[in-house]
Amino acid sequence: MTIIVTGAAGFIGSNFVINWLAKKNEKIIAFDKLTYAGNLENLKSVEKNPNYIFCKGDIGDSVLVKSILHEYKPRAVVNFAAESHVDRSILGPSEFIETNVIGTFHLLEEARFYYDELKSSNKDNFRFLHVSTDEVYGSLNLKDAAFKESNKYEPNSPYSASKAASDHLVRAWHQTYGLPVLTTNCSNNYGPYHVPEKLIPLCILKALQGQDLPIFGDGQQIRDWLYVVDHCKGITAVLEKGIIGETYNIGGWNEKTNLEVVNTLCGLLDELRPLHKGKSYKEQITFIKDRPGHDHRYAIDASKISNNLGWKPQETFETGIRKTVKWYLDNQGWVSHVQSGEYQNWMKKNYK
Ligand code: NAD
Ligand code: DAU
């Protein structure tokens with residue numbers, strides 16, 4: 001038995017591969033283009049595992065994807081591959097359309113051709129699981145109910161619009177061609193191997209390096225935070241027990257303002273890596289120009305996956321964020337590699 005995981009060298013993909021191989025005796029083909037966000041160091045702990053094979057490639061490369069599907073004959077494709085950073089989508093949307101829309105289209109087509117040729121028992125077992133985001137539902141006001149699977153799509157950034165388009169393609173490939181698809185829409189993840197361009201790792205590292213902690217606008221925007229390993233377990237539950245053609249929201253029931261999150265990080269660093277003379281990392285917090293079209297609030301109603309598939313997050317925000325801060329303190333080698341090269345270009349471009 002084999003599964004193909006695309007985007008496997010990114011933040012969530014690499015956590016998924018590591019956790020899967022630790023629990024299951026099943027081969028994983030880790031497929032990734034290795035963009036700025038893909039990092040083989042994330043997968044170092046599994047590189048000698050006999051069930052692990054890495055293939056470098058683009059989900060939009062139909063010839064390569066076809067040959068990999070035929071060579072490894074997977075029972076599932078789990079698609080994490082995407083351009084995932086909202087701020088990058090604002091400064092340069094074209095790669096988001098290329099990978100998230102056109103890339104997903106080519107991947108779906110190759111999965112469909114492969115599926116059509118499977119024998120009936122293999123057909124029954126095959127799944128195409130598409131990993132998506134809560135951002136497709138748009139932005140909530142403070143009093144609005146959390147996003148349910150039945151909410152309409154109202155994406156506001158080039159990133160979320162490209163993910164919404166990919167979700168629609170996945171749905172259409174099921175309705176029209178019968179491809180057995182599943183879609184998950186998750187809230188903000190945090191944890192190990194998170195590229196330090198996103199709020200949590202960015203602020204941990206900038207705090208330690210004595211730099212300003214950049215908060216967009218007034219810092220009152222709200223996100224729902226989920227520890228990445230809990231997200232991976234949710235995806236596994238959907239892959240194993242989800243109903244074909246359905247979508248599942250995954251979230252942590254942890255709504256926090258950005259300012260609360262950054263204050264929590266500073267408090268943990270004050271405890272674990274105290275500054276001299278009782279100073280606090282909070283003094284580094286700086287308010288900067290807001291993100292254009294900044295969504296005010298995301299909140300996930302995760303009762304469907306919880307009631308129907310028995311999944312619940314195991315980490316609270318307090319336990320998960322403490323583990324995360326410790327991970328960054330303990331993995332300075334990973335940090336220094338990730339902060340060289342493209343990271344420096346991005347910092348200059350986005351925060352100048
Ligand atoms: P990431 O940016 O850390 O990783 C994306 C990975 O995809 C990278 O390894 C990159 O090299 C690879 N990739 C990019 N383009 C590719 C292509 N054309 N072909 C093959 N590989 C390609 O992203 P992430 O945070 O790990 O997110 C993974 C998925 O989960 C994305 O689809 C994202 O939309 C979704 N998601 C992320 C979050 C979050 O909080 N990070 C929350 C909900 C959903
Ligand atoms: O909701 C799920 C989404 O969460 C995923 O689909 C995306 O792939 C993922 O990147 C994430 O998107 P966000 O835009 O919410 O994440 P980010 O870490 O970039 O920002 C979190 C919040 O913090 C957001 O309100 C913007 C704010 N922020 C971010 C950065 C990078 C700042 O205030 N300052 C910053 O420097």
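These legends go with a set of close-up views of a predicted model.

Before you start: residues are numbered from 1 along each chain as its sequence is written, while chains are lettered from A and ligands numbered from 1 in the order in which they are written. In this predicted model, local features need pLDDT of at least 70, side-chain atom pairs count only at pLDDT 80 or more, and totals for chains, interfaces and linings use all residues; side-chain values use heavy atoms, with hydrogens and water left out.

**View 1. Phenylalanine 96 meets tyrosine 159 edge-to-face.** Rings of Phe, Tyr and Trp (its six-membered ring) make a pair if their centres lie within 6.5 Å; planes under 30 degrees apart are called stacked, over 60 edge-to-face, and the rest tilted. That rule gives 18 aromatic pairs. Here the ring centres of phenylalanine 96 and tyrosine 159 are 6.4 Å apart and the planes stand at 85 degrees, so this pair is edge-to-face. It ties together distant parts of the chain: phenylalanine 96 belongs to helix α4 (residues 94–116) and tyrosine 159 to helix α6 (residues 158–177), 63 residues apart. Helices (H or I, at least four residues) and strands (E, at least two) are DSSP runs, numbered from the N terminus. (Buried means under 20% relative accessible area, exposed over 50%, partly exposed in between, with a 1.4 Å probe and protein chains only.)

**View 2. Rings in a cluster, and charges over rings.** Tyr137, Phe147, Tyr153 and Tyr298 form one aromatic cluster. A charge sits over a ring if NZ of Lys or CZ of Arg is within 6 Å of the ring centre and within 35 degrees of the ring normal. Lysine 24 does this to tryptophan 20, with its charged end 5.0 Å from the ring centre. Arginine 112 lies over the face of tyrosine 177, 3.7 Å from the ring centre.

**View 3. Aspartate 87 and its partners.** You'll find aspartate 87 in helix α3 (residues 86–91), and with 6% relative accessibility it is buried. Its side chain makes a 2.6 Å polar contact with that of arginine 291. (A polar contact is a pair of N or O atoms within 3.5 Å; within protein, one must be able to donate a hydrogen and the other to accept it, and residues adjacent in sequence count only if both atoms are side-chain atoms.) Setting aside neighbours within four places in sequence, aspartate 87 is in contact (heavy atoms within 4.5 Å) with Phe216, Arg291, Trp346 and Asn350.

**View 4. The surroundings of ligand 1.** How many residues surround ligand 1? There are 28, and the closest are Ile12, Asp32, Ser84, Tyr159 and Lys163; a residue counts as near if one of its heavy atoms lies within 4 Å. An oxygen atom of ligand 1 is 2.5 Å from a side-chain N or O atom of aspartate 32, and a nitrogen atom of ligand 1 is 3.0 Å from a polar side-chain atom of aspartate 58. The largest share of the shell, three residues, comes from β5.

**View 5. The surroundings of ligand 2.** A polar side-chain atom of glutamate 135 lies 2.9 Å from an oxygen atom of ligand 2. Asparagine 188 has a side-chain N or O atom 2.7 Å from an oxygen atom of ligand 2.
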